Amino acid sequence: MAFQLNSVVQWGRNIDEYREMFLLSDDDMKMNIAGFGDGPASFNYQATLAGSKVTSFDPIYQFTREQLEQRIEEVRTIVMEQMAENIDHYVWDRITSLEQLESIRMSAMRLFWDEYMQGKKDQRYIYHELPDRLPCPDNCFDIGLSSHFLLMYTALGYDFHVASISEILRV
Ligand SMILES: C[S@@+](CC[C@H](N)C(=O)[O-])C[C@H]1O[C@@H](n2cnc3c(N)ncnc32)[C@H](O)[C@@H]1O
């Protein structure tokens, strides 16, 4: 079935959040990195600016900048309402308020879409949907990341996850 832009929440994180989540050291950042389901995160762009080599894969990279911006604006309200409803279920020591969270996320996504077309031209953003075969030979990356995609959507099921993780491990 064709990927629908409204089937998954588009919400992007920045390089500091990625580095902290995945404990990426300065040496790790010199390796050839792949991000699966990177969506509108600014990790790729910020890492590229700092001299790293990152390739991001996501089905949303088939869409135009205008389509992505519009979807992010729709998602913004939904996510912020859900965050407000569930505020007590999160730890607020790094990010200390809903307003700060929204501002950090929107800044990351603006960075992403401002250079999205250039990233596509440079083949840093590649349209790909897991668990399909990735357009790369075996072992072509040193590190593979998946932030807030794999293991988050239980509806995708066990077989989807096994097939996706197997394909990620191949590359
Ligand atoms: C919540 S966003 C996370 C974005 C980014 N990784 C971050 O943490 O900021 C989830 C991403 O998974 C992507 N996604 C959904 N289905 C996918 C699939 N079958 N293969 C790869 N990515 C997929 C979505 O398009 C979306 O960009």
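A disulfide is a pair of cysteine sulfur atoms within 2.5 Å. I looked for such pairs first, and the structure holds zero disulfides. C136 is in none, and the nearest cysteine sulfur, that of C140, is 3.9 Å away.

I noted how the model was made. It is a predicted model, where local features need pLDDT of at least 70 and side-chain atom pairs count only at pLDDT 80 or more, while totals for chains, interfaces and linings use all residues. Residues are numbered from 1 along each chain as its sequence is written, and side-chain values use heavy atoms, with hydrogens and water left out.

**Cysteines**

Next I checked burial. I call a residue buried under 20% relative accessible area, exposed over 50%, and partly exposed in between, using a 1.4 Å probe and protein chains only. C136 is buried, at 13%. C140 is partly exposed, at 23%.

**Helices α3 and α4**

I took helices (H or I, at least four residues) and strands (E, at least two) as DSSP runs, numbered from the N terminus. Helix α3 covers residues 65-85 and helix α4 covers residues 98-114. Their axes are 11 Å apart, at an angle of about 165 degrees. That makes α3 roughly antiparallel to α4. The axes are lines fitted to C-alpha atoms, for helices over the stretch in contact, and angles run from 0 to 180 degrees between N-to-C directions. Angles under 35 degrees count as roughly parallel, over 145 as roughly antiparallel, 65 to 115 as roughly perpendicular and the rest as oblique.

Which residues make the contact? Contact means heavy atoms within 4.5 Å. On α3 I listed R65, L68, E69, I72, E73, R76, M80, M83 and A84. On α4 I listed L98, L101, E102, M106, M109, R110, F112, W113 and D114. The contact residues divide into eleven nonpolar, no polar and seven charged. Here Ala, Val, Leu, Ile, Met, Phe, Trp, Tyr, Cys and Pro count as nonpolar, Asp, Glu, Lys and Arg as charged, and the others, Gly among them, as polar.

**S42**

I moved to the loop between β1 (32-36) and α2 (43-49), where S42 sits. Is S42 buried or exposed? S42 is buried, with a relative accessible area of 0%. Leaving out residues up to four places away in sequence, S42 touches R13, N14, I15, A108, L111 and F112.

T55 lies in strand β2, residues 53-58. At 7% relative accessibility, T55 is buried. Beyond four places in sequence, T55 touches I33, A34, G35, N44, Q123, R124, I126 and F141.

I then looked up D122, in the loop between α5 (116-121) and β3 (125-127). D122 is partly exposed, at 41%. D122 and T55 are 67 residues apart in sequence, and their C-alpha atoms are 9.6 Å apart.

**L145**

I found L145 in strand β4, residues 143-145. L145 is buried, at 4%. Beyond four places in sequence, L145 touches Y18, F22, L24, I33, A34, G35, F36 and F43. How far is L145 from D26? They are 119 residues apart in sequence and 16 Å apart in space, C-alpha to C-alpha.

**I165**

My last entry is I165, in helix α6, residues 157-170. I165 is partly exposed, at 35%. I165 and L130 are 35 residues apart in sequence and 8.8 Å apart in space, C-alpha to C-alpha.
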